[in-house]
Amino acid sequence: MIENILSLLIWIPIISGLFLLFYNKKIYIINAYNIFINFIVFLLSVYLLLGFNQSKSNFQFIENIEWIPSLNIYYFLGVDAISVLLILLNTIIFLIVSLYNSTITVKKRNQYYASFLIANGITIGVFSALDAILFYIFFEALLIPMFLIIGIWGGSNRIYASLKFFIYTFLGSILLLVSFLYINSSISSFNVISFYNTNFSLLEQEWLFIAMAIAFAIKIPMFPFHTWLPDAHVEAPTSGSVVLAAILLKVGAYGLIRYVIPVVPMGAQSLDIFFIILSLIAIVYVGLVAITQNDMKKLIAYSSISHMGFVTLGFFIIFQLFDNTSNNNDLVISFSGSMYQIISHGFVSAALFICVGSIYDRYKTKKISDLGGILNQMPIYSWFFVFFALANCGLPGTSSFVGELLIIMSSFKANYIYAFLASTTLIVSAVYSLWLVKRVVYGEIKVNLEECVDANFIEKILLFTMAIIVLILGFYPDYIISFMNVTLENMTNNLLLKI
Amino acid sequence: MITMSHYLTFSALLFCISIAGIFINRKNILLLLMSIELMLLSVNTNFIVFSHYSNDITGQVFVFFILAVAAAESAIGLAIIVSLFRKRNSIEINLINKLKG
Amino acid sequence: MIIENTITSLLNFIPEIILFIMSMVILLAGLFKFSSKYVFHLAVLSVIVAFIVSLQNQTITSSLLFNNSIIKTNVTDFFKHICYFIFLVQILISRNYLKDKKIITGEFYSLLIFALLGCFIIISSNNLIVLFLGIELSSLSLYSLIALNRSSILSSEAAIKYFVLSTIASGIILFGFSYLYGITGTLSISDISKYLISYDESNLYLFSYVLIFIGVAFKFAVAPFHMWLPDVYEGSPLPITNFIASIPKIAFFVLTYRFLEDNPIINNDNFSKLLLLLGIFSILVGNLFALAQKKIMRMLAYSGVANAGFIFLGIFSAINNNFSIAAFYVISYAVTIVSAISIVTFISSKKFDLIYINDFKGFSSRSGYVSILLMITLLSTAGIPLTIGFYAKYLVLDALVDRGLILAAVVVVLMTVIGLYYYLRVIWFMFFESGSNSLINVRGNFSLFILSLIPASIILVFLFPDSIFKYVFEILT
Amino acid sequence: MESLILYIPLLLLISSLITGFSSKFLNNFSSGIVSTFLVFISLILSLIILFDIYSSDESIYYNNFYDWISISGLNIGMGYLIDKFSSIMLVVVLSISTVVHLYSIGYMKDEKDFKRFFSYIALFTFSMILLVISNNLVQLFIGWEGVGLVSYLLIGFFYKKQSAIKANLKAFLVNRIGDMFFILGIVMVYAAFESFDYKTIFLNLDKTNITNLETYFGLSYIDFSCLFLFIGAMAKSAQIPLHVWLPDSMEGPTPISALIHAATMVTAGIFMIGRLSPLYVLTEFTTDFILLIGASTALFIGVIAIFENDIKKVIAYSTISQLGYMVAALGINAYTVSFFHLYTHAFFKALLFLCAGSIIMSLHHNQDIRKMGGLKSKLPITYISFMIGTLCIIGFPLTSGFFSKDLLLEVMLYEKSTISLVAYIMLLLAALVTTIYSLRLLFIVFYKKYSGEGFENIKEQSMIITIPLIILSVLSIFSGYLIKVFIDLPIFMFGVKDIHYEGIVTFIEHGILSPATLALVLGFYVSKKIYKDDIKFNILENNFFKRISVIIKSKYKFDEFFISTSNIMKNTSLLMSKKFDLGLIDGLIVNGVPKTINSFAIFLRNKSSGYLYHYAFSIVISLVIILGIILVRVI
């Protein structure tokens, strides 16, 4: 039993990343170091998973140290099932990214890796912080490495994209800070557990809900706040996009389920309809928008938005669900669906971005109209691409199906119109994914490269692993779902006590 | 009978005149110095009046300090004007707007 | 009786006396050829000595000196020590710059030390006359320092502007003083601020306080009394800018503290509203103007205006004598801005004066280390976490929210988002753009060491802030 | 015995993986043999299971392999429910699959993607089995989508052909339209009966009072759930108007057309509805809807086949119309009958396709029947088996088609409602049509004079092609005699009409005397006259028939309809992404606000003159204002 494993998880990557800033000699040493650190972190997170007692609903691996007692801010870490899973997702993705990075050519390699390592640590911090201000600090700090990654190693229009990303998200999060301060001013504590025991008036709750929900809605991103994401994805380097899609969006969803819905349930209940509508718009409308994109990364970015729409739908229907069938299990199922969607989308979108990135490295274009018939030149990549595209449109047997099924189930119980609109994604997502495949992968070869190397060993391993993960998640969801179950049940019960 | 308030009003008027002098005058910097002097003098009047009516000498001590400092100020002000004049053979205020924005 | 009182006073006043004498000595030394090349070392030496001595005889108990005209408490000591530190950093960094500009002369350093002395007197004055003398001492020496660079037309223009406007400000302050004297019949500040405890407050009292604080607002460059600041920043030599940006602000904060300590006026509705509105207005104006600037110094100046607004909000929130918020803000801002301007001073060399923000393009490829230092500094000014500036803004926001001024808090944070943009602009020029200017100076290991002191402390204080918070809260509440 | 179930899907999965990933250590032929062998083993297993099921009357295999999701309030398992119904289906699927595997070894021998092909069909069989043995709706849906996926991959098997990749996209999307409703149906069933598991559903079906479930638009809850599920089936089983994908799917290799698009996958819809028959007997509206859809599909799509010239497409259209028969039977709750037709049809339609395949091979991938003819002498075995297939499909007495189709038509008349009468007549006409186009094909391909080139070097294919034909011919002929089994086949003991059936002989007599025979004879006469003896009927020359033929040749413009709708959708979304997303949200709001602030700031900067007296003025003015305000407030 390692004491304060969470601190290790947070600080090992950050500190080793800082060390990496001072060494830029031999590439293979840098690669080895980077992969090694990420692997260590991965092992630690696996240890966390195994050490976690899923039959208990309370926070575990708690570390509670006085940090700034004069402002009653504590260095308070702890995880429940949700955080454990997200941390695991995070470490896996970063391990994959570190492996992928070792195959590409990049300037200022050590700084590049360092940014990713630091981002890794900070994200774990976000997922494990139980003190609101600590969470906020990690949440903000996460912007800086991503900002640099997009801005320094990004594409031609990178400055615009990175600024948009940074300022937009900062705008949201600073509202978050104000809300935290407001809560603190009434209960004089930033401890999230005491956040759960507040009793604000309905009006206060509504305002707090708006402020905080917008902060996270920008991060997720939900429908009207989503326009930063396509730009950021298009300009970001491949690994950046992977982290962005697989981790950063999840931070927003995590914030909703940890800091918004349980803290101000009445506010959420009275305003949930707006967010349900926004989620449905995200699912249908953004999906339609995705169809017509001519840039592969943009297309996948929009599809991510539409998939995250499912997540938020699953979060916000619970109140109506409870009104219709006063049965906690339905709420738990809805939450489980959203969480599962989060995890599955993490892997699928990451894999898709890796595929697209490798296509871009070889053909030097992301434009769909310029590509075609790559199956003739790089079969292995293409078949993985087809696979993940199918996974992206929620094919049963892949992980995406599970979340969508559970959420459609729950939303039908909430209101059949929601279910109908949500289920249109079966068509829309199929259209954009498979039309993309048809135009890019199949057909006669368009651009003929002299020597076009197919996936090398590492890339094969990566994609294969992710495919396996996606399939396992698709054919055996029970492990994760029952892993989360107790936590979610407990959360729902606390929620229902307050509404 | 002239009461304290008359003096105070007078000095207040003096103060206003001096300030008006600062921004109404658009030609000559020397006038600025004069109005600054005037402003300080109005302050002095205040002090003297107060010290007189409250039989307390410290106010008048303050006045001496103010006078001294005013002298020093105008000295430095003139020095700056001289160095300005060296570079731009004129001391018109409406030429001094290199620094703006 | 009087004798030993005077002796103890003198003993307690040794650092200032050292500074005074040494500045004379430096002035003389500057006159002779053989000694004129040692003025720098003399200046540094004297400041260090004064610093050490004042560290030696710092007190916990407050003591009144020179029959109650000077006060010496742990607060004054604390702020003086910060001033010493900042001042040392400034003059150590500015040496090469002054050499290049050929103004590394005796009178420069003696005037600079006089200005410092003036600020110290402001900090520790307990009497309106002494206070006035302190203000004037610092201002007068600053007028001449700004104009000192005779070769540049801008510097004398800046000087004349600063001169005229700040004399107006002193006039306003004096006017306020005169009324205070009239009402209370005393010149000792502690008595003045205790006056309200025995008597009920009259409108004239309020007026005089308003006048004084408009003067203070001018010195802090709070909008709409801020116009002089950008011009002075741009016109005057960088080391002087560096001084003006930091130390007088600290001094005038202590003045504010002295005037408002144990003074019910701060709970007066009109007065507190004045502070609040001035603060918010100045945050608006500062950020908006800074957004449009092309020159780095003007940009910093306007950001200074915005930060002054934050300081006023901090003072506004200082109900029941809790000045710690404002104090912390002042310190963090002063330290940060000193670091920023020092970096600019350091990198602008004889061949190349760094004026425009575009000049930072591709700077990271020139020197990654310095650019990271500058990035940390700017992020701190913007109030991003991982820097001390975050706590500063955090405390102000917290105070606002505690007083239920949610709307004000929201406006303020939205403005900080605008602020973020122009700090990021510098950062992205440094890191994301290409085409660095080879004339920019990045050499000098000692200077680099000095430069990295402040950013390092910015990060460290962020990580382990509690001792500092404790100390500040303890002495200022 | 029960434990054997697990091995069937397992073996198939293994074979798929082996052939898929054995690029190094297996050459094409041997990998084909291996997978065929594995499928054959699973066929044996399934037969064992079949006999075990039938040995005792009430025996049903029911269990879960593992829990897919099991939390409080939601239990979904991966398991199996084997009764007489599904065990027969199992055998049908596996036998056809085995034969097709064997056939494909010969048919695909020159393809470079031989292994990919075999891994696909193994995967297909796997997911089909998953569908058939499933004991809950979710697993059914997984299998359902799995087969759809493989059909997608196989239609696009020749991924360089534009037509092929168009067709497979079309197939997948049309099926997705169905799936959307299908999943909604599943969810509705779950929401009503709190479970996905068939057994639980049917048990709760008795408990819960259906009438107090909520109703939408005047239709009952059950109506809607059944309707949605059926729409899913319409897409899979190619019913009007969602049939458009099936003819195009003929782009895939011919064995696939036999296995997926004739025998097994397209019948999944029929199977599903048969499984859920207890639900369907409860709904009035939906069954009538099903009946109409089925009957019209059988007739109208059948007609298209008469004017089609691509041999495979002709057979495809005939498949659609045969599926129409089955669906129509479902429409009157005669699930067993429909299943019987499914079973016979599987064999003879697979046979027809494989024959077509062998013809196409012999003619070097020419599929146009106008370039064929007189192959009777050249391809004797193919000819015989094709003949048998044709006889079956037209329901020639004593062939399997005869039994199933006559039984079906007969059952139509039991229900004495107008709608079923209409349906009966349509189906009768459909029988006539069927006769015409099948015989047309036979005559043109085998009797007419050969109109292509290189007639002499056309020759029969190798054994590995012909053996499957022979096997299937035998099966097609004799499969019909198991009619008794099907008639008393219980599908959850609900809904099946008690069909009066006195022995095989009476049935045959009765069948021969039925109107169907009339249709048969008439059809034979017409097609012989037109296509064999080339006699022009003057009746067919008049405008009315011409106009009709034009309409039919245009395939009722279904494709055009779908294309135009998709274009509309595409354009609208293009407009939205340009105008609304980029224009309004991004341009006007997200970027517009900062731009405005920035320009305002620049405006302010330019306005500020650096004049000293302006500074002083502003200071004084603000001083005055402040003092004035305070003055007003205090006095």
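Two residues are in contact if their C-beta atoms, placed from the backbone, lie within 7 Å. Keep in mind that this is a predicted model, where local features need pLDDT of at least 70, side-chain atom pairs count only at pLDDT 80 or more, and totals for chains, interfaces and linings use all residues. Residues are numbered from 1 along each chain as its sequence is written, while chains are lettered from A and ligands numbered from 1 in the order in which they are written.

**Exercise 1. Work out what chain D brings to its contact with chain A.**

Step 1: get the totals. On the chain D side there are 40 residues, and they contact 39 residues of chain A.

Step 2: assign them to elements (helices, H or I, of at least four residues and strands, E, of at least two, are DSSP runs numbered from the N terminus). β1 (61-71), α5 (137-155), α6 (162-193) and α24 of chain D each supply at least two residues of that side. The largest share is that of α6(D), with 15 residues.

Step 3: sort by class. Ala, Val, Leu, Ile, Met, Phe, Trp, Tyr, Cys and Pro count as nonpolar, Asp, Glu, Lys and Arg as charged, and the others, Gly among them, as polar. That side of chain D has 24 nonpolar, eight polar and eight charged residues.

**Exercise 2. Do likewise for the side of chain D that touches chain C.**

Step 1: here 19 residues of chain D are in contact with 20 residues of chain C.

Step 2: α24 (558-607) and α25 (612-634) of chain D each give at least two residues to this side. The largest share, 12 residues, belongs to α25(D).

**Exercise 3. Describe the hairpin of β1(D) and β2(D).**

Step 1: check the pairing (two strands pair if DSSP finds at least two bridges between them). β1(D) and β2(D) are antiparallel, with nine bridges.

Step 2: pick out a facing pair. D:Y61 sits opposite D:I82 in β2(D).

Step 3: look at the turn. Two residues lie between the strands, and D:G73 in the turn has a positive phi of about 100°.

Step 4: ask how covered β2 (residues 74-82) of chain D is. A residue is buried if 20 or more other C-beta atoms lie within 10 Å of its own, exposed if 12 or fewer, and partly exposed in between. Eight of the nine residues of β2(D) are buried.

**Exercise 4. Now take the hairpin of β1(A) and β2(A).**

Step 1: β1 (residues 60-68) and β2 (residues 73-79) of chain A run antiparallel, joined by six bridges.

Step 2: A:I68 has A:I73 in β2(A) as its bridge partner.

Step 3: four residues separate the strands, and A:N72 takes a positive phi near 30°.

**Exercise 5. Characterise how α3(A) passes α20(A).**

Step 1: recall that two packed helices are described by the angle between their axes and the distance between the axes. Axes are lines fitted to C-alpha atoms, for helices over the stretch in contact, with angles from 0 to 180 degrees between N-to-C directions.

Step 2: the axes of α3 (residues 81-101) and α20 (residues 457-475) of chain A come within 9 Å and cross at roughly 160°.

Step 3: A:I96, A:L99 and A:Y100 in α3(A) meet A:I458, A:L462 and A:M466 in α20(A). Their classes come out as six nonpolar, no polar and no charged.

Step 4: the crossing is left-handed (the near helix is turned anticlockwise from the far one by less than a right angle; clockwise would be right-handed).
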